[in-house]
Amino acid sequence: MTEDATFNVLLYVDGSQYSFSASVYAATLLKHISNMNITVVQFQESIEDEVIASEYNVMDIWPISPNSVWMQQIINDADDETKKQYQDILTRTNEIFSRRSHSVKHEILVAKNNVVDTAEALIDYAEKNSFELIIIGTRGFSEVKGLIFGSFAHTVLNRAPMPVQLIKKLPQKFIDNY
């Protein structure tokens with residue numbers, strides 16, 4: 001990649017706390033890599049060729065909007081110090097995405113609601129649009145649980161032709177330095 005070339009990153013978000021960690025990580029990269037463009041991808045369920053209305057408005061999923069249910073629950077259930085920490089992280093991350101809004105796009109893809117079809121749709125989109133990195137939040141199933149329950153993140157990791165960065169819960173040292 002030349003110095004002037006654009007570094008295209010795909011960030012998969014699903015509204016989970018793991019997506020929040022992945023988004024914070026992606027925002028950190030966005031802050032430090034001037035030629036980075038990021039596309040935030042979400043999925044909407046389909047059966048055959050029909051799109052199913054989702055239980056939530058996909059536009060309410062962070063980083064488009066920080067109003068997801070889990071974020072509100074974290075903030076409501078946390079002690080004052082933790083609330084302040086999450087609010088600070090959210091504010092800082094939103095500032096980074098806002099400042100670089102010309103480098104941030106959002107896409108909603110449609111796929112059947114199963115691990116393999118969704119992973120294949122994400123990989124296909126990433127290949128067709130020349131992404132150089134995929135960032136995904138993951139809870140980090142053990143290998144045994146991953147085999148039993150299936151893991152979207154690990155399916156993408158194992159099948160994607162480009163690098164995939166899996167982000168678990170952000171370490172305290174990262175949060176302290178953020």
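Author: Gladly! In this predicted model, the largest nonpolar core holds 24 residues, and those with the most contacts inside it are Val9, Leu11, Leu30, Met36, Ile38, Phe97 and Ile135. A nonpolar core here is a set of buried Ala, Val, Leu, Ile, Met, Phe, Trp, Tyr and Cys residues joined through side-chain atoms within 4.5 Å. Buried means under 20% relative accessible area, exposed over 50%, and partly exposed in between, with a 1.4 Å probe and protein chains only.

At least two residues of this core come from each of E1, helix H1 (17–32), strand E2 (36–47), helix H3 (80–99) and E5. H1 gives the largest share, seven residues. There is also a second, separate core of 20 residues, with Leu109, Leu122, Ile134 and Ala153 among them. In general, nonpolar side chains of soluble globular proteins tend to be buried together.

A word on conventions. Because the model is predicted, local features need pLDDT of at least 70 and side-chain atom pairs count only at pLDDT 80 or more, while totals for chains, interfaces and linings use all residues. Residues are numbered from 1 along each chain as its sequence is written, and side-chain values use heavy atoms, with hydrogens and water left out.

For orientation, the chain has seven helices and six strands, in the order β-α-β-β-α-α-β-α-β-α-α-β-α from the N terminus. Helices (H or I, at least four residues) and strands (E, at least two) are DSSP runs numbered from the N terminus. Of the 178 residues in the chain, 42% are buried.

Now to the strands. Five of the six residues of E1 are buried, so the rest of the structure largely encloses E1. E1 runs parallel to E5, and four bridges join them; strands count as paired if DSSP finds at least two bridges between them. Leu11 stands opposite Ile135 in E5, and Tyr12 stands opposite Ile136 in E5.

E5 itself is mostly covered, with five of its five residues buried. In a regular strand the side chains alternate between the two faces of the sheet. Both faces of E5 are covered: buried Leu133, Ile135 and Gly137 lie on one side, and buried Ile134 and Ile136 on the other. E5 is also joined by four bridges to E6, again in a parallel arrangement, and here Ile136 stands opposite Leu166.

Leaving aside residues up to four places away in sequence, Leu122 touches Leu10, Tyr12, Val41, Phe43, Ile134, Ile136, Phe152 and Val156, where contact means heavy atoms within 4.5 Å. Leu122 and Phe43 are 79 residues apart along the chain, yet 8.9 Å separates their C-alpha atoms.

Several of those neighbours are aromatic, so here is how rings are judged: Phe, Tyr and Trp rings (for Trp, the six-membered ring) pair if their centres lie within 6.5 Å, and planes under 30 degrees apart count as stacked, over 60 as edge-to-face and the rest as tilted. The whole structure has three aromatic pairs. One of them, Tyr12 with Phe43, is tilted, at 5.9 Å centre to centre and 50 degrees between the planes. This pair links distant parts of the chain, since Tyr12 is in strand E1 and Phe43 is in strand E2, 31 residues apart. Tyr12 counts as buried at 10% relative accessibility, and Phe43 is buried with a relative accessible area of 12%. Ring pairs also bring in Phe152, linking Tyr12, Phe43 and Phe152 into a cluster.

Phe152 leads on to helix H6 (residues 152–159), where Phe152, Ala153, Thr155 and Val156 are buried. These residues cover an arc of only 165 degrees around the axis, which puts them on the same side of H6; the arc is that of the directions from the helix axis to the C-beta atoms. What covers them includes strand E1 (7–12), helix H4 (115–128), strand E5 (133–137) and strand E6 (164–167).

One last stop is the loop between H4 and E5, the place of Ser130. Ser130 is partly exposed, with a relative accessible area of 48%, and its phi is near 55 degrees, a positive value in a residue other than glycine.
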